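Please keep the structure in view while working through the numbered points.

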Amino acid sequence: MGVWVDVKRNRETWAAYRENLEMRLQSLEDRLQRGGYHPPPVRRVYIPKGDGQRRPLGIPALEDKIVQQAARWLLEPIYEVSEFLGFSYGYRPRRGPHRALDALAEAIARRVSVILEADITRFFETLDHGWLVRFVEHRIGDSRMVKLIRKWLKAGVMEDGVWQQTEQGTPQGGIVSPLLANIYPHHVLDQWVHQWRRRYAQGTVYLVRYCDDFVMGFEKADDAQQMRRALEARLRDFGLELHPDKTRVLRFGRCASRECQREGRSRPETFDFLGFTHICTKDRRGRFAFRRRTSRKKRAAKLSHLREQLRKHRHAPPTEQQQWLSQVLRGHYAYYGVPGNYRAMASFYNTLERYWHRVLQRRSQTARWTAAQRERFMQRHSLPRPRIVHPWPDQRFRLTVDSKGGARCGKSARRDLRGG
């Protein structure tokens, strides 16, 4: 049952908070020291997802953002130095999706013959508060910090001015939420997988996890089937569930083509991870080759969104539209510009350019461009062409940069695959 709450506290601006800043910060410090700080509920908003559903986000109040940032500064070094394992890449400093993709590519290039693609259903919404507090207490001895985290979990959410209690989950959008969302799978998944493959696996096992999305590579097919059964039971014990449509075992790797022929299939299956479709193919010499393409689902969703935005702003000056679309394309290339993905990026570029031209022509019912007019327009308002901005996975994975800025290679990168 929801209750009405004051929304002004959640919408306070930095300009307003800056007034009497020293007094406000002193008061905040005093409340934190004596345990009198009570986080306000987060404001819930929704953003569209690629599958047509909406993803809930929680926006903390301004003062709560200050406290969460301070807590993250204290907790993050503790977990980064002595807790988190190497195959965890999501929401961690000096890591990111491309390092996770490089690690997965290196694993596939080695002994992987079977892939377990997995996704946890509604991960952020179903985290068990009791287990999460236990996991924090296992490493953090400061009772004030543990109580503060418990308050954040119980603060609830505010939607349309109505407060709703939260019995489980941690809201996406908070500053400390990504760290808490990493602590939970660290104990539930990472450490358990690390022990399982040492005790039960007959062959090599790799894990690459980016928050709630993870992929496991196996040398032996029996290990993959056993892991899936064990994984379902393990997650169930901690209130989590594998997504039935996004979790599957498939043949993948150097021997995938031969195994598929034995099973009567023409080609190996593909799988999606972090916006890319991963494909088994062959090079010009007929040898195994691994390629990554922009996921068709992600590309279609992005183009659909851009098409709608173009329609809404079709009467804006062409120069403004060009600047906006150029930013969109540069951001697209910065993420998807991996070797072997040029054709997919070119398709994205050509489709977006066609949408733009069509919208511009429809500003007038009688305007239709000739080829010469189109050419002159593109000379004045050209968009950035596709380009590859990332190196091959083995080059970047084997040469990474440590926290002091020095180059390190070989053993450190391989430890990420082993989890050390």
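A crossing of two helices is called left-handed if the near helix is turned anticlockwise from the far one by less than a right angle, and right-handed if clockwise.

1. Basis of the note. This is a predicted model, in which local features need pLDDT of at least 70 and side-chain atom pairs count only at pLDDT 80 or more, while totals for chains, interfaces and linings use all residues. Residues are numbered from 1 along each chain as its sequence is written, and side-chain values use heavy atoms, with hydrogens and water left out.

2. Overall content. The protein has 16 helices and 14 strands; these are DSSP runs numbered from the N terminus, with helices (H or I) of at least four residues and strands (E) of at least two. Of its 420 residues, 46% count as buried, where buried means under 20% relative accessible area, exposed over 50%, and partly exposed in between (1.4 Å probe, protein chains only). A contact means heavy atoms within 4.5 Å. Among contacts in the protein with a separation of 6 or more, 69% are between residues 24 or more positions apart.

3. Helix 6 and helix 7. Helix 6 (residues 129–139) packs against helix 7 (residues 143–154) at an angle of about 160°, and their axes are 10 Å apart. Axes are lines fitted to C-alpha atoms, for helices over the stretch in contact, and angles run from 0 to 180 degrees between N-to-C directions. The angle makes helix 6 roughly antiparallel to helix 7; angles under 35 degrees count as roughly parallel, over 145 as roughly antiparallel, 65 to 115 as roughly perpendicular and the rest as oblique. The crossing of helix 6 with helix 7 is right-handed. Helix 6 contributes His129, Leu132, Val133, Val136 and Glu137 to the contact, and helix 7 contributes Val146, Ile149, Arg150, Leu153 and Lys154. By class, six of these residues are nonpolar, one is polar and three are charged. In this scheme Ala, Val, Leu, Ile, Met, Phe, Trp, Tyr, Cys and Pro count as nonpolar, Asp, Glu, Lys and Arg as charged, and the others, Gly among them, as polar.

4. Helix 2 and helix 3. The axes of helix 2 (residues 21–34) and helix 3 come within 12 Å and cross at roughly 60°. The two helices are therefore oblique to each other, and their crossing is right-handed. In this contact, Leu28, Arg31 and Leu32 of helix 2 meet Glu63, Ile66 and Val67 of helix 3. Four of the contact residues are nonpolar, none is polar and two are charged.

5. Helix 8 and helix 9. Helix 8 (residues 177–199) and helix 9 (residues 221–237) pack at about 145°, with axes 11 Å apart. Their crossing is right-handed. On the helix 8 side, the contact includes His187 and Trp192, and on the helix 9 side it includes Asp223 and Arg234. The contact of helix 8 with helix 9 has nine nonpolar, two polar and two charged residues.

6. Strand 2 and its neighbours. Two strands pair if DSSP finds at least two bridges between them. Strand 2 (residues 42–48) runs parallel to strand 5 (residues 157–159), to which two bridges join it. Six bridges join strand 2 to strand 3 (residues 54–59), and these strands run antiparallel. Which residues are the bridge partners of arginine 43? They are methionine 158 in strand 5 and isoleucine 59 in strand 3.

7. Strand 8 and its neighbours. Six bridges join strand 8 to strand 4 (residues 114–119), in an antiparallel arrangement; here alanine 118 has phenylalanine 214 of strand 8 as its bridge partner. Strand 7 is also joined to strand 8 by six bridges and runs antiparallel to it, with valine 215 in strand 8 as the bridge partner of valine 208. Five of the six residues of strand 8 are buried, so strand 8 is largely enclosed by the rest of the structure.

8. Two residues with positive phi. The hairpin of strand 7 and strand 8 has two residues between the strands, and cysteine 211 takes a positive phi near 60° there. Is cysteine 211 buried or exposed? Cysteine 211 is buried, with a relative accessible area of 3%. Tyrosine 91 has a positive phi of about 55° although it is not a glycine. Tyrosine 91 lies in the loop between helix 3 (62–82) and helix 4 (97–109), and is partly exposed at a relative accessible area of 42%.
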